[in-house]
Amino acid sequence: MAESTAASPTRDPALFNDDIAPTEAGRRTWNMWHMAALWVGMAVCVPSYQLAASLIKDGMDWRQAVGTIALGNVIVLLPMILNGHAGAKYGIPFPVYARASFGVLGANLPAVMRALVACGWFGIQTWIGGKALYTLLRAVWPHLAPVDETALFPGMGPFACFVAFWAVNVYFIWKGTESIKWLETLAAPFLIVAGLALVVWAHGRAGGFGRMLSTPTKFATTGQFLVVFFPSLTAMVSYWGTLALNIPDFTRFARNQRDQAVGQALGLPTTMTLFAFIGVAVTSASEVIFGESLWDPTDVVVRAVTPAAGASVTIAGIVVVLIGMVGLSVATLSTNIAANVVSPANDISNLRPGKISFRAGGLVTAVVGLLMFPWKLIATTKGYIFTWLIGYGVLLGPIGGILIVDYFVVRRRELVVADLYRRGGVYEYRGGVNARAIAAFVAGVAPNVPGFLVASGALAAARVPAALTQVYSYAWFVGLGVAGVVYWALMRGRAGAPVRSRSTTA
């Protein structure tokens with residue numbers, strides 16, 4: 001029987017508000033197609049396209065690039081479904097779910113970690129949306145100054161488009177979670193058609209798939225390929241390692257476990273693999289068509305409609321630009337709202353539930369994302385994959401390992417929902433913090449720190465043993481495995497083991 005979300009004497013106002021309360025049965029309306037549409041809306045975006053395209057630029061052929069991304073998404077699907085189980089069973093969001101393992105106050109650590117990454121992604125996606133608008137405007141008015149992502153300030157025009165696109169995102173934050181469900185359901189079929197249309201165009205211009213996919217691998221040996229493959233695979237897993245943590249924020253609205261699991265399986269790996277093919281096909285075709293690899297679809301659209309020297313922009317070119325602007329805007333918006341607003345809004349609300357609502361948390365996310373200079377995070381493919389994607393996997397992998405081991409091994413899927421919202425219950429530990437979870441988190445992060453410092457340029461590679469820099473190539477896997485094992489060892493026979501007699505399911 002579902003627990004009521006109405007206020008009760010057992011609930012601590014400092015740990016509870018309506019936004020993070022267990023979802024009532026009447027609001028659990030998402031079926032498997034809503035879950036699948038959610039993933040289509042999130043996966044079809046410029047950063048996903050750039051993932052595949054960047055692997056081509058790093059030397060892979062199309063089979064290697066698509067295979068790497070497909071494998072990464074099959075791997076990350078497992079923790080996605082596992083962590084989604086608690087959301088569907090109890091109707092609780094991620095920060096509340098984390099209270100079971102980290103403590104009712106200690107859960108602020110994983111919540112803040114996840115929120116900061118989401119703020120960074122919010123800024124990146126908003127920048128990409130704004131940059132796309134500006135770049136397409138330059139196709140119509142070439143006299144506009146080009147974008148300079150390497151500068152501290154990218155220019156007034158690009159920044160104005162960035163702020164304009166940011167304001168559209170804020171509108172959906174203000175409207176709330178139901179607007180997200182509507183947006184994702186509407187955007188999903190449109191985005192698939194737009195992506196396939198880009199492939200059809202590239203197929204015609206390049207002279208068929210034979211020429212489009214003719215770019216050979218740049219690796220002469222298997223060893224050379226593996227040097228790029230393993231960190232790339234880690235980056236692919238880390239890419240959605242964010243949602244692998246906070247997926248309960250969405251599965252709490254699912255009708256049942258089948259809907260959340262099958263919906264995710266239908267939506268995530270299939271869409272990412274399809275869009276990976278679109279990315280590598282069009283990027284490879286750009287070498288044939290333009291003589292260089294273009295890893296940004298905005299640049300492809302611009303080059304496609306740019307007139308010859310001395311010629312004016314045609315009506316057909318303007319129409320293509322307008323269609324491109326709509327497509328890229330919808331793709332970026334649908335991903336940004338679902339992937340990078342819901343989680344930090346809940347996470348920030350979790351810091352002071354009695355004072356901070358979902359809407360307020362979302363607005364904080366938007367402001368922080370605006371201030372993070374997102375154009376600098378993705379200025380190069382090396383910075384995008386090796387520093388940003390793998391780097392945040394150092395933090396999120398250990399959290400994922402702790403959550404999964406706690407829920408499935410320590411508690412055997414049984415939670416005391418009432419105690420997640422009050423002090424002095426099963427999840428109080430000592431002072432509201434489970435020190436064993438903190439110790440396991442530190443143990444999972446530690447092996448990857450030297451490699452991250454080298455990748456980010458803070459330390460010279462010569463000052464760090466080669467073995468430690470190689471460990472960083474597997475950062476998400478290492479962090480998840482080490483933290484999970486350490487947490488299990490520390491929690492064996494300790495307080496907070498499975499509690500069946502007081503469990504509350506929904």
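## A buried asparagine

Leaving aside residues up to four places away in sequence, Asn169 touches Phe122, Thr126, Leu333, Asn336 and Ile337, where contact means heavy atoms within 4.5 Å. Asn169 belongs to helix H7 (residues 156–175), helices being DSSP runs of H or I with at least four residues, numbered from the N terminus. With a relative accessible area of 0%, Asn169 is buried (buried is under 20%, exposed over 50%, partly exposed in between, with a 1.4 Å probe and protein chains only).

## Basis of the model

The model is predicted, so local features need pLDDT of at least 70 and side-chain atom pairs count only at pLDDT 80 or more, while totals for chains, interfaces and linings use all residues. Residues are numbered from 1 along each chain as its sequence is written, and side-chain values use heavy atoms, with hydrogens and water left out.

## Aromatic pairs

Searching the whole structure gives 20 aromatic pairs; rings of Phe, Tyr and Trp (its six-membered ring) pair if their centres lie within 6.5 Å, and planes under 30 degrees apart count as stacked, over 60 as edge-to-face and the rest as tilted. The rings of Trp127 and Phe162 are edge-to-face, because their planes stand at 70°, with the centres 5.9 Å apart. This pair links distant parts of the chain, with Trp127 in helix H6 (residues 108–140) and Phe162 in helix H7, 35 residues apart. Trp127 is buried at 0% relative accessibility, and Phe162 is buried with a relative accessible area of 0%.

## A ring cluster and a charge

Ring pairs join Trp39, Trp121, Tyr239, Trp240 and Tyr392 into a cluster. The charged end of Arg11 sits over the ring of Tyr421, 5.5 Å from its centre (the criterion is NZ of Lys or CZ of Arg within 6 Å of the ring centre and within 35 degrees of the ring normal).

Terms used:
Helices (H or I, at least four residues) and strands (E, at least two) are DSSP runs, numbered from the N terminus.
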